[in-house]
Amino acid sequence: MMLEKPLIIFKAVILFFFLISFSYADLLNPNSTISPKEVIKIQLSGLQQNDLEYKDSGIEQTWKFAHPNNKRVTGPLSNFKMMIKSDSYGMMINHLSHTITELGSSDKWAQFEVIILDKDKIYHKFNWQVEKYTSEGTLKDCWLTTMVSSPIPLGSSI
């Protein structure tokens, strides 16, 4: 009897940590089998449901697919979060829908037009570029975002 209560508490603590680690592990990592368009779909879907897994999980998902050169420009994840939440890119958070249209590509880069309908029902257009990472390491041959333009407002949907 005396051992049952500590054992139940121990099991509950283990289950709690397992569930937390599992939910944080739900974010996708770059790999060479993910196509350029799919990279952008992953990032936009994350931003569309930014707090689905946990607070700012969508921004963190987007960060995972940012090219290392892009990360050097934006700074650490905390700076990237502030940038995405700013007036410049905040319309991406919890947006209603998006379309992705390829504009051009090669075996090393691809550029897309992305149109987002934000939660205020205003359309915004972006140019979004991904490049294949060519250096050695875990990211070799992965498609990663190198550039997202400033948004161009296209007007209201109503």
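What follows is a short talk about the core, the salt bridges and a surface patch.

Guide: A word on conventions: this is a predicted model, in which local features need pLDDT of at least 70, side-chain atom pairs count only at pLDDT 80 or more, and totals for chains, interfaces and linings use all residues. Residues are numbered from 1 along each chain as its sequence is written, and side-chain values use heavy atoms, with hydrogens and water left out.

Visitor: Which residues have the most contacts inside the largest nonpolar core?

Guide: In soluble globular proteins, nonpolar side chains tend to be buried together. A nonpolar core here is a set of buried Ala, Val, Leu, Ile, Met, Phe, Trp, Tyr and Cys residues joined through side-chain atoms within 4.5 Å; buried means under 20% relative accessible area, exposed over 50%, and partly exposed in between (1.4 Å probe, protein chains only). The largest core has 27 residues, and Ile40, Val114, Phe126, Trp128 and Val130 have the most contacts inside it. Helix 2 (36–48) and strand 3 are among the elements that each supply at least two of its residues, and the largest share, 5 residues, comes from helix 2. Helices (H or I, at least four residues) and strands (E, at least two) are DSSP runs numbered from the N terminus.

Visitor: What is valine 130 in contact with, beyond its neighbours within four places in sequence?

Guide: Contact means heavy atoms within 4.5 Å. The partners of valine 130 include Pro36, Val39, Ile40, Trp109, Phe112, Trp143 and Leu144.

Visitor: How many salt bridges are there?

Guide: Side chains of opposite charge can pair when their charged atoms come close. The rule asks for a side-chain nitrogen of Lys or Arg within 4 Å of a carboxyl oxygen of Asp or Glu, and the count is 4. In one of them, aspartate 56 pairs with lysine 85, with the closest N and O atoms 2.8 Å apart. This pair links the loop between helix 2 and helix 3 to helix 5, 29 residues apart.

Visitor: Is aspartate 56 buried or exposed?

Guide: Aspartate 56 counts as buried because its relative accessibility is 5%, whereas lysine 85 is partly exposed at 42%.

Visitor: Which residues form the nonpolar patch on the surface?

Guide: Patches take residues with over 30% relative accessible area and no salt bridge, joining like charges within 9 Å and nonpolar side chains (Val, Leu, Ile, Met, Phe, Trp, Tyr) within 5 Å. Here Tyr123, Ile152 and Leu154 form one, with about 250 Å² of accessible area together (Shrake-Rupley method, 1.4 Å probe, only the protein chains shown counting as cover for residues). Tyrosine 123 lies in strand 3 (residues 122–132) and is partly exposed at 31%.
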